[in-house]
Structure formats: structure tokens, C-alpha cells
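Here are a few friendly notes to read alongside the structure. Take them one at a time, and find each place in the viewer as you go.

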Amino acid sequence: MSEEQKKFKLIRKLDRVFLRYDGSDEEQPVRLVWPRPISARGKEVSIIGEGKKEILMLDSLDRLDSESRAVAKEELERRYLVARITRVIGTQVDFGNRYWHVDTDRGERKFLIKEPSKNMIWFNDDRIILRDTLGNHHEIESYSSLDARSRAEAERAM
Amino acid sequence: MKLNDILPKQAQASLGKELEQDESVLYSLRSDLSEDRQYGDTYLVATARRVAVLSEDSVITVMPFSEITEIKVEELFSSSCLVAVTEKGEKCLIYYSKSFVPEFAVFSRVLNDLRENRKPELPDEHEAGHCPKCGSQLPERGASCPRCIYRFKTLGRLLKLVRPYRFKVILLVMMTGVTVSSELVPPYITKELIDHVLPHGYKHQLFFWIALMAGCFTVFLGSRLIGSSLMAWLGARIVSDLRAKLHRALQQLTMSYHDRRESGQIISRVMHDTAELQHFLIDGMSYFLVECVQIVAISAILICLDAKLALLVFVPIPFLVGGGAWFWKKLIPLFHKQGTRMGALHSILGESIKGVKTIKAFSREKSRESEFDGINEQLFGIRYGLERTFVGFSEIMFWIMRMGLAAVWFLGGIKVFDSGELTVGTLVAFAGYMWLLYGPLQWFTAILNWMTHAFAGAERIFAVLDSRQEIYDAPDAISVPEMKGAISFDDVHFSYERGKEVVKGISFDIKQGEMIGLVGKSGVGKSTIINLICRFYDIDSGSIMLDGHPINRIKLEQLRRQIGMVMQDPFLFNASILENIGYGTEDAAFADVVRAAKAANAHDFILDKENGYDTIVGERGVKLSGGEKQRLSIARAILHNPPILILDEATSSVDTETEKEIQQAISRLIEGRTTIGIAHRLSTLRNAHRLIVIDDGKIAEIGSHAELIEKNGIYAKLVSLQSELSKVRGDIWQE
Ligand SMILES: Nc1ncnc2c1ncn2[C@@H]1O[C@H](COP(=O)(O)OP(=O)(O)OP(=O)(O)O)[C@@H](O)[C@H]1O
Ligand SMILES: [Mg+2]
């Protein structure tokens with residue numbers, strides 16, 4: 001039987017996820033990652049085992065049993081910190097430095113973006129990923145659904 | 001660097017209850033993520049015995065070091081966490097965003113030191129991600145804060161650059177005075193002519209005033225010519241000086257500075273920012289200087305001529321200045337947009353040219369075209385918008401000025417009719433002065449903006465000049481002109497980016513004259529170890545010694561002169577083969593170059609070229625094959641004749657037969673020299689006395705070929721894999 005077809009469970013022990021094949025008591029530590037964290041977070045999931053070798057890639061978490069799915073969801077939520085911007089409080093442009101002050105689902109935050117052509121990544125003309133100068137990511141899930149003031153502020157810094 | 005962030009009172013109080021009498025907080029650091037990864041402050045604290053995590057007001061975790069087997073950093077997406085490995089499993093102590101990666105990397109090392117009863121050492125430097133003054137995020141770690149920069153300081157530094165040419169500056173200021181005065185006299189002459197000379201027919205006076213007028217025009221011409229050529233000279237001079245300084249600084253900046261930036265960015269700083277500054281210094285500055293003096297002088301004259309009418313003249317000024325300011329506010333985002341689009345266009349163009357082969361190979365010309373056209377069209381839109389706004393603005397400004405003029409003629413005319421307290425001549429002079437006054441005013445804000453722009457460029461230039469440079473001649477550096485070539489590593493840790501360790505505690509001794517093979521999978525850190533020996537980067541902790549001297553104490557130039565390198569991706573300059581081989585050994589005789597080329601097995605292919613040793617190799621050596629480039633760089637290292645020789649994949653691009661010949665040359669060459677060879681084709685390293693097998697930044701095995709085969713570990717596995725492979729390929733694996 002190939003790796004793809006073998007049934008397995010994901011188990012959490014403290015802050016680490018382990019994989020156990022059905023019918024075996026061997027547990028191996030694994031990491032769960034989104035292969036496309038920016039362009040398609042939420043699509044495929046890779047399970048990576050020891051030696052940084054991928055064990056398998058899932059098209060979606062639906063293939064997992066409900067307990068494993070819950071473990072996987074929690075783990076991915078833990079690993080990927082992308083704050084969703086709910087409101088743009090203010091922006092300021094100062095010689096190519098774009099200062100943002102926003103409200104997110106994780107609280108208020110100030111950050112700085114440079115080179116917007118590289119660090120403001122648009123998808124479908126509506127979703128935007130903002131990468132600040134220190135490597136933190138923020139997301140505007142739907143630009144058109146932001147309130148008018150937020151959009152006006154954001155527009156200034158684009 | 002310090003790890004002593006201040007703890008909130010409540011948190012401190014509740015921690016106090018947990019601590020024992022003789023226990024105190026040694027280190028503390030704030031994180032910007034709470035336990036549930038919301039934005040909020042959390043604190044990591046270390047005492048001599050325990051590590052604790054605190055929220056704003058309470059203790060979240062306390063863990064004694066005795067329970068912990070290791071503290072490590074787990075890299076997550078857009079955040080990281082510090083993990084305590086315990087008997088029971090792995091526990092996340094604290095999460096933090098990417099803003100605090102270097103700080104927590106240091107903290108994790110400190111915790112491991114405390115855990116193992118070592119005295120922690122904090123690095124001297126710390127490149128903060130946020131401005132310590134205003135808290136704003138910085139454009140890059142360790143940069144100065146653009147929001148807190150004191151603009152006058154930049155002006156001061158620019159003035160310092162002018163100091164050697166101060167006599168020219170004084171002359172320039174004098175010329176400016178002359179220019180302004182000679183411009184202000186003619187309207188007054190008009191007044192005299194109209195009021196006194198023409199009505200009374202004083203012919204001899206006419207000659208006098210006209211001669212004076214012509215004189216003024218001539219003086220104006222002369223002073224303008226001298227003044228502007230002085231200004232041009234000064235501007236060009238300062239910028240050339242600055243550019244030379246920049247180039248020198250760029251050569252001496254650390255490798256990590258260059259790693260972090262794209263070459264385009266740096267080139268733009270050297271060329272574009274300096275050009276902008278030059279443009280401003282030459283055109284803007286002289287304009288600004290003349291206009292400032294002129295505005296003050298004219299205002300004074302107008303008030304003297306007729307105070308009431310002067311007030312009328314001043315009425316449109318707020319509109320002119322305010323309109324200018326409003327207009328610039330509208331234009332600046334457009335300028336920014338134009339800048340970004342232009343940059344994007346540049347990089348597409350650059351890629352289209354450099355990557356032309358790949359583009360053709362994948363038949364992507366069409367899509368490149370549409371990508372380019374898309375941005376090009378956007379640029380067209382912005383450009384058009386800019387020009388339109390610009391023209392609209394100046395026409396409206398002219399209209400305001402003309403309206404002002406009309407108003408002055410109207411009220412002035414009435415004054416002339418009514419009371420005769422105003423003469424016709426004064427009115428005409430008034431109108432003339434007015435025009436001189438309004439002209440510069442509308443551009444005043446533009447110039448101010450221009451100035452801020454040029455200054456921003458200057459600040460970026462100064463930022464490069466102020467970045468950390470390699471110190472070539474530290475006062476306490478040891479001079480080691482003749483090295484023997486013993487190398488030793490002692491528990492060396494290194495990371496390109498703080499927090500991501502690439503070398504994780506490596507120790508070894510290489511004896512003088514020994515040949516060492518570095519073996520390991522791709523990306524384990526072999527080239528990195530070489531980089532450290534050359535001190536392209538400074539290590540995080542541990543020590544590297546050459547002939548018993550710590551390498552960070554040896555004079556840098558001497559250190560690098562003693563090391564001959566054949567790099568993995570040899571860089572050739574766009575010059576002749578002769579010059580490329582002789583690079584770094586400029587005084588070499590041709591016979592020596594030939595000997596080196598022969599040893600590197602390059603001589604024959606060089607002679608086969610039409611221009612022989614005078615063949616120009618093209619940009620980065622594009623006109624040569626991969627193997628030819630490698631052989632030239634081997635010849636370069638051979639000619640250099642250093643006590644330490646480093647061959648990083650030196651023969652990876654040549655066929656087995658050529659390799660064998662080069663091998664023979666190298667084996668002659670390495671006699672008496674310390675040599676470090678890196679090769680994926682293990683047969684290349686068969687001359688090595690010892691092999692060091694690297695795995696995941698650590699030494700996995702060390703020993704001779706025979707010893708390691710016997711050990712039957714990683715190396716043995718690699719060898720058997722490769723011999724299987726070469727059996728398949730039919731290569732000659734061993735003689
Ligand atoms: N300048 C750099 N900045 C950041 N990371 C780097 C830099 N250079 C190398 N690395 C990373 O450091 C690790 C070790 O790289 P290194 O070049 O030392 O590998 P290597 O063992 O020489 O591999 P190879 O056999 O492929 O040449 C790699 O993961 C690489 O991505
Ligand atoms: Mg390498």
C-alpha cells in the first residue's frame with residue numbers, strides 16, 4: 001500500500017503534532033504546512049516528517065477523520081500568523097515609506113511597508129497580502145468590503 | 001545588546017511571589033504576541049534557575065531549567081516561538097512576531113547557557129527593528145528612523161562637504177547679491193524715465209538712464225554667467241565627491257549588507273540619488289538663493305514706493321503660495337506612483353534583457369510583452385495626469401497673477417487720477433516689481449518640496465555611508481604577513497539572519513599543509529564555513545583561529561591575501577583573460593600567468609581563442625563555458641600563491657578527464673599548503689588527508705576516507721550511492 005492510501009491519525013502532545021499509522025504504535029513527529037502560504041492559504045496541506053521530508057500532501061483536510069482534522073486545524077492556526085485587517089485607522093506616506101495603522105482581528109497594529117509592488121500582493125483585485133519590512137504578514141480579505149474611510153486611507157498608501 | 005525590558009508592575013508583583021529569596025530576574029524581554037497569538041505584550045524572564053513567561057498582570061508559566069533538555073527556536077509563518085524541550089515533550093514558551101526574531105534568538109542562547117551553567121554572552125551590537133525614540137517600525141533593522149531624522153543635520157552634513165570649496169561659495173553668494181541688485185534697478189529706471197525724463201524732454205538724462213539700464217543688463221548677464229557656472233561646478237563637485245565616497249563605502253560594507261539588498265537598489269542609490277541631489281544643488285539651490293534675496297528686496301522696495309498699494313500686491317500671495325502647496329500635495333502621490341511604476345518597468349526590462357535566453361527557450365516573449373505593456377500603459381496614464389495637472393496649475397497661477405496686476409493698475413490708476421499722490425512712473429515700476437515678485441512665489445513650495453526630495457536622497461546616501469563597514473585596519477589588529485595555514489574552529493555558531501542558525505556549533509583543527517575535504521548534502525553549510533574562514537561574515541559565538549590568532553584580530557587585508565579561493569560561482573570581470581587571471585596579483589609576469597594557466601589546464605583552450613590571452617570574457621564571463629570559467633578562476637588562485645587554498649566545487653563543471661588533469665595540477669599545487677576542498681563528486685577529494693562530513697550545520701563524521709568507509713556512516717553511504725550512480729553512467733570512478 002502506498003503512503004497516500006494508508007490510514008493515519010494526527011495526535012497532539014503538548015505543542016507538537018505526531019502522526020500514527022493505523023495498526024502501528026509508532027508515532028513520528030510531523031510539521032503541517034501550507035505549500036502556498038501566500039497565494040492559496042487554506043488549500044493543500046503538506047505533512048512533513050523527519051529529515052524535512054514530506055510524507056504526503058493532502059488536497060484538503062476533509063480526508064482526515066474529525067479528531068485529526070481538529071488537530072490539523074489547530075496546528076495550522078498556530079503556525080500561520082496572518083492578521084486580518086478590519087479597519088485602516090490611518091496611513092502616512094513619507095518618501096517611499098508607507099506607515100500603516102490598522103485594526104485587525106488580533107488587535108491594533110502599526111507597521112511599515114516599502115516597495116509596494118513587491119510587498120503588497122493583490123489577488124483577484126480584492127484580497128491583499130501586506131508584508132512589512134520585518135517580514136510580518138497582514139491580510140485584507142476583501143478590499144471592497146472595507147468601509148469607505150479605510151479604503152480612502154489605504155488608497156493613499158498604495 | 002541588552003535583555004532587560006521593563007516588566008509591568010502587576011506582572012512583577014505576581015512573579016515576586018513565585019521566586020525564592022535569593023532568586024532575581026537576570027534577563028527579560030517583551031514579545032508582541034500574547035499566549036493565544038493576539039497582539040499584546042507578553043514577557044519572557046530568566047533567573048539563574050528558571051525561565052518564566054508573564055502576561056501584563058500575571059504569571060503564565062514557570063519552568064525550572066532542570067526540567068528542560070533544550071531551548072530552541074521554532075520558525076513559524078510570520079511569527080516564531082521559543083520551544084522548551086522536556087522529557088514530556090515540546091512546549092511552546094512564548095510566541096513573537098518577526099519583529100523580534102534577533103532578540104529572541106539571543107535569548108534562546110542565553111537560556112541554554114544558563115541551563116548549562118555557562119555565563120551568557122550578549123552580542124555587543126543590536127540592530128533594532130523599531131525606532132527607540134518614536135517606536136515606528138524602521139525601513140530596515142539598524143537604519144535611522146526617517147520620522148525622527150533632523151533635516152537640518154542633513155543640511156549640516158552637506159555643508160560640510162562644501163567646506164573645502166568655501167572660497168567659491170563666498171564668491172557665489174557675492175555674485176547672487178550682484179545679480180539681484182542688477183535686476184532690481186531697471187524698473188526704477190523706468191519710473192524715472194516716465195516721471196521725469198520723458199515729460200520734460202531731458203535728452204542728456206535719457207542717455208544717462210539708458211546707459212545705466214544697459215549697464216545693469218550687462219552686469220546681470222555677467223554675474224549670472226559667473227554665478228551659475230560656479231553653482232554648476234560646486235554641485236557637480238560635491239556629487240562626484242559623494243559618489244566616490246559611496247563607491248568606497250560600498251566596497252567596504254559587510255557582506256550581509258550586500259546580501260540584504262538588490263544590486264539595482266544599490267546602483268540606484270549611487271547614481272539616481274546623487275543625480276537628484278546634483279540637479280537640486282545646481283538648479284534648485286541657485287534659484288532658491290536668488291529668489292529668497294529677491295523676494296525680501298522687492299517687498300521692501302514696494303513698501304517704500306507706496307505702502308497702501310503694496311498691501312494690495314500682497315493680497316494674491318497667500319493664494320499663490322497656498323495654491324502651490326495644495327497642488328504639490330496632489331502631485332506628490334502621482335510622483336510616487338510614477339516612481340514605483342518606473343522601478344517596475346526597469347526590473348522587467350532588466351529581466352527581459354538578462355533572461356532573454358530563458359524567455360526564448362520557454363517562448364514567453366508574448367507574455368513578457370503584455371506584462372511590460374501593462375505597466376507601460378499605467379505609466380502613460382500617470383505621466384499624462386502629471387503633465388496635465390502641471391500645465392493646469394501654472395496657467396491658473398498666471399491667471400491669479402494677471403488678476404492681481406489688473407487690480408493694481410485699476411486702483412493705482414484711480415490714485416493717479418484722483419490725488420496725484422501716485423505718479424505714472426511709480427505705477428509702471430510697481431507693475432514691473434510685482435511681476436518679479438510673483439514669478440518666484442508660485443514655485444516656492446515646489447522648490448521646498450524639491451529640496452525635501454533631494455534631502456531624502458542625501459539621507460539615503462548618508463545612511464549607506466553610515467552603515468557598518470568592515471574595519472580594515474583596527475588599531476589593535478595583529479599583523480601576520482606570512483601565515484603558515486593552521487585553522488581551528490571552536491564551537492562556532494553562525495546565522496546569516498539572526499534566529500536561523502546555519503552553523504550550529506562546529507569545532508575542528510586543520511594542521512598546516514593538510515588537505516581537508518568538506519562533504520555534505522547541498523545546503524548544509526559548506527560554503528558558509530568557507531565564508532567564515534575568509535571573514536566575509538562575523539560569527540555569532542565561538543572562535544576561529546588562524547595560526548593561533550583569532551581571525552577577527554588579524555588585519556583583514558592580510559587575512560584575505562593569504563587565502564586563495566576558487567568559488568562555487570566564479571566571478572569574472574568584463575576584461576581580458578590575462579587581466580582576469582592576474583586579478584589580485586597585478587605585478588605578475590606573463591610567464592607566471594602562463595604557468596598558472598598551464599597548471600589549471602587552461603592554457604590550451606586560451607590559445608585556441610583568436611585573441612588568446614587578450615580575449616575579452618564578456619560580462620560575468622558569458623563568453624566562456626562553465627568549465628572554462630572554473631579553470632580561469634583556478635589559475636587565478638594558483639597565481640595568487642597563497643598558504644591557504646580553498647576550492648569550492650572547483651571542478652564541478654568539467655568533464656572527468658579534464659578534472660583528472662586539473663586534479664594532478666592541484667595535487668602539485670597543494671603541497672605544503674593548507675587546502676580545503678568541497679566537492680559533490682567525492683572522487684575529487686581522494687587526495688584529502690581527512691574528510692569532514694557536515695550534516696545540518698554540525699559535524700557528523702571526521703576522518704580519512706578509509707576510516708569513514710569502515711565507520712559505515714553518512715560518508716560511506718554517499719560513496720556507495722555515487723559508485724552505483726557512476727556504474728550506471730559508466731564513469732571512471734576509481735583508477
Ligand atoms: N547570504 C545568505 N543569506 C541567507 N542565507 C544563506 C546565504 N547563503 C546561504 N544561505 C543559506 O545557508 C544554508 C547553507 O548554505 P551553503 O551555501 O553554505 O550550503 P552548501 O553546503 O555550500 O551547499 P551546496 O553544496 O549546494 O553549495 C542554505 O540553507 C542557504 O539557503
Ligand atoms: Mg556551496
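This is a predicted model: local features need pLDDT of at least 70, side-chain atom pairs count only at pLDDT 80 or more; totals for chains, interfaces and linings use all residues.

1. Now look along H9(B) for a kink of about 25 degrees: you will find it at B:Leu331, shortly before the proline B:Pro333.

2. Next, turn to chain A. A salt bridge joins the side chains of A:Arg12 and A:Glu75, with N to O at 3.0 Å. A:Arg12 sits in strand S1 (residues 8-13) and A:Glu75 in helix H1 (residues 66-79), so the pair ties together parts that are 63 residues apart in sequence.

3. Is A:Glu75 buried or exposed? Its relative accessibility is 0%, so A:Glu75 counts as buried. A:Arg12 is partly exposed, at 22%.

4. A:Glu75 also forms a salt bridge with A:Arg78, where the closest N and O atoms are 3.2 Å apart. Both residues lie in helix H1 of chain A, about one turn of the helix from each other. A:Arg78 counts as buried too, with 4% relative accessibility. A:Arg12, A:Glu75 and A:Arg78 belong to a network of salt bridges that also includes B:Glu74.

5. Finally, visit the surface of chain B. B:Phe167, B:Ile170, B:Leu171 and B:Met174 make a nonpolar patch of about 430 Å². B:Met174 lies in helix H4 (residues 166-200), and at 48% relative accessibility it counts as partly exposed.

Terms used: Residues are numbered from 1 along each chain as its sequence is written. Chains are lettered from A and ligands numbered from 1 in the order in which they are written. Side-chain values use heavy atoms; hydrogens and water are left out. Patches are made of residues with over 30% relative accessible area and no salt bridge: like charges are joined within 9 Å, nonpolar side chains (Val, Leu, Ile, Met, Phe, Trp, Tyr) within 5 Å. Accessible areas come from the Shrake-Rupley method with a 1.4 Å probe; for residues, only the protein chains shown count as cover. A salt bridge is a side-chain nitrogen of Lys or Arg within 4 Å of a carboxyl oxygen of Asp or Glu. Helices (H or I, at least four residues) and strands (E, at least two) are DSSP runs, numbered from the N terminus. Buried means under 20% relative accessible area, exposed over 50%, partly exposed in between (1.4 Å probe, protein chains only). The bend at a residue is the angle between axes fitted to the seven residues ending there and the seven starting there.
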